[in-house]
Amino acid sequence: MPIKYIPFIPEPVEGQAVLQNFNRILKYKGADETSMILERGMPLYEMEKQETVGENADGNMVIRGECVSACAYLKEQGIQVDLVYIDPPFASGADYAKKVYVRRNPKVAEAIAKAEEELDIDELKAFEEKMYGDVWEKEKYLNWMWENLMAIKSVMSVAASFYLHLDWHIAHYVKILLDEIFGEDNFRNEIVWCYTAVSNTGLDFPKKHDTILRYSNSNQYIFNKNDIRIPYSEGSLDRANRNVIGRGGMDFDSIILNEDGKVPEDWWIDIQRAARYPGENVDYTTQKSERLLERIIKASSNENMVVADFFGGSGVTAAVASKLGRKFIHCDIGLNSIQTTRDRLISDGAQFDILEIKDGVQLYRNPVQTMDKIKSLIPGLKNEDSLDSFWEGAISDSKLGTIPVYVPNLMDSSTKLLDKVLINRIIHQAIPDLDSNIQKVIVYYVDITSEEEIRKFISEDDSTTIEIELRDLKTVLDDVVIEDYAEFHCEENHEDLFGGYAVTIDKFASDRVQGKILEFNNKNVLNSKKNFKPIIISEDGLEMIEFLSVDCTSVSGEWSSDSEVKIDKNGYVIQNGEKTKDFWDCRIKCKQKPLRLKIRNICGDETVWEI
């Protein structure tokens, strides 16, 4: 249950067209569910500090949790943000996967012998793991986006600016919502970010740009145009040198006065995707370029201001904000995002706290993977084509027949709480659409206002004779994450000047990683791929380790990373944020006696052991 609800005022700008009634204005064929507005406010959950990196005097935050709940926490703490950039799902209909690389086994002599040899990426053993699905019905997406935008606006300072990064799939719809929330007068720019990519060989013009919508929270916004100037083109300089008279009789030379260059127009063609810049790629799907965020942050904030990204992804906003002397807030629901951002910021020498919103759900790895896994976790749950999409599936019972099952969407905060509003919707909208032979439905919930209150509400409603069984989804999810297994030993380090202690990993096992590898191998065998070489994990399993950290400070509570080792996809060691050309030797060293050991497998799951 949330501690409480933090109200935001969902009132449109005076004189602005109101589009809250999606039933009326944004109606699509076959879309009947449209009222999912957070009328009660933003749910405030307990926030738990997982780790502090450095002194963190600026209060920088890396938050794992949903945007709306993060905003509730910020508002409760009286924290305002001065610049927001978000790169949310684009409603593109695509599934995004992370490529998972199997590391080199440090015990294999051949790998050690190749220490100075750069391994070709194509030779790396890798498989893909689904991170999130960007599949939405338009109305559900717009309702979800409206909630997030309202929550974000509630924590913006008067002089704050807001940048929303989308593409052709949904940008034109969301522009209408932004006009309602911020007001048309506060619309500043539609920025077209052009980039090069593989050409479209179809019958349409290639789609080679994203859209960034820029708004201010008032007319007091910041725009540092002199900080973002770019060089003039050779053609412009040539015309200026020849004192060419432009259209309207204007002397071209009189325009080009600033030796630092010109302010970029609202079409940006000089910034490419992150993968095109050496050393910037962090192997994160949908990663954006640091140069893109550098322009935005320099233009719309000053040093020591707070820059926030509530769909933080690869951590590019936080990383660039830190480098430019701004405070930062990174928020994302995905564990991979938090880990990628943490490691990236540590390499940059940033200081921050890692916080986790305790919303009662132990996620498998991220909401999409959890939702994908639910069908195998709920006994007997299967797809049922005859049911509306409201129901996750159905269970077959020998006496009762088909039993529809409702499961809350973990991507949508408004469905997690079972209250009178939701149960009323189930009784009066979802159940009447079922076949007449249905005798029972099962309703899973993450949080509930009061089970006694909901059961009383059901019993007093005489509009249906169908039995409604309530079940707590958390009891299903509690056993989803199976902890990894490790054998290790600790001893004093006498081999080099480093001294102190060394923890050696003798054996490591991860059921989940091995399951993913087995799935990958079987799939490729069935597809009869030529020259396919299956991924084989050694008996000691050390290839499945990506990261190690030791805590020499405490045996419980907040983690203190007193020494850490990350193994990159080529097998090289990143020691306490510093890149090396050394291969991992099965050990992690530290000055003080280690009390706890944390190991992250290549899929991102972390397990902690006492030493």
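This is a predicted model: local features need pLDDT of at least 70, side-chain atom pairs count only at pLDDT 80 or more; totals for chains, interfaces and linings use all residues.
Next, select the open sheet of 10 strands, whose order is β3-β14-β4-β13-β12-β5-β8-β10-β9-β11 and whose pairing is mixed. Its edge strands are β3 (46–53) and β11 (267–268), each of which pairs on one side only. Within this sheet, zoom in on residues 187–194 and 209–216, which are the antiparallel strands β9 and β10, joined by 7 bridges; picking Ile191 leads across to its bridge partner in β10, Ile212.

Select residues 171–182 to show helix α5, which lies across β8 (156–166), β9 and β10 and runs at about 5° to β10. Then show α8, which lies across β5 (81–86), β8, β9, β10, β11 and β12, running at about 155° to β5.

The next stop is the salt bridges, of which the count comes to 29. Select Glu76 and Lys4, whose side chains meet with N to O at 3.1 Å; Glu76 is in helix α2 (residues 67–76) and Lys4 in strand β1 (residues 4–6), so that the pair links parts of the chain 72 residues apart. Glu76 counts as partly exposed at 38% relative accessibility, and Lys4 likewise counts as partly exposed at 37%.

Move on to Glu546 and Arg103, a salt bridge with its closest N and O atoms 3.4 Å apart. Because Glu546 lies in strand β23 (residues 545–551) and Arg103 in the loop between β6 (94–101) and α3 (109–113), this pair ties together parts that are 443 residues apart in sequence. Glu546 is buried at 8% relative accessibility, and Arg103 is buried with 9%.

To widen the view, select the network of salt bridges with shared partners, whose members include Glu51, Arg103, Arg342, Asp343 and Glu546.

Finish at Cys586, in the loop between β26 (578–583) and β27 (587–590), where phi is near 80°, a positive value in a residue other than glycine; Cys586 counts as buried at 7% relative accessibility.

How values were computed
Residues are numbered from 1 along each chain as its sequence is written. Side-chain values use heavy atoms; hydrogens and water are left out. Helices (H or I, at least four residues) and strands (E, at least two) are DSSP runs, numbered from the N terminus. Buried means under 20% relative accessible area, exposed over 50%, partly exposed in between (1.4 Å probe, protein chains only). Two strands pair if DSSP finds at least two bridges between them. Contact means heavy atoms within 4.5 Å. Axes are lines fitted to C-alpha atoms, for helices over the stretch in contact, and angles run from 0 to 180 degrees between N-to-C directions. A salt bridge is a side-chain nitrogen of Lys or Arg within 4 Å of a carboxyl oxygen of Asp or Glu.
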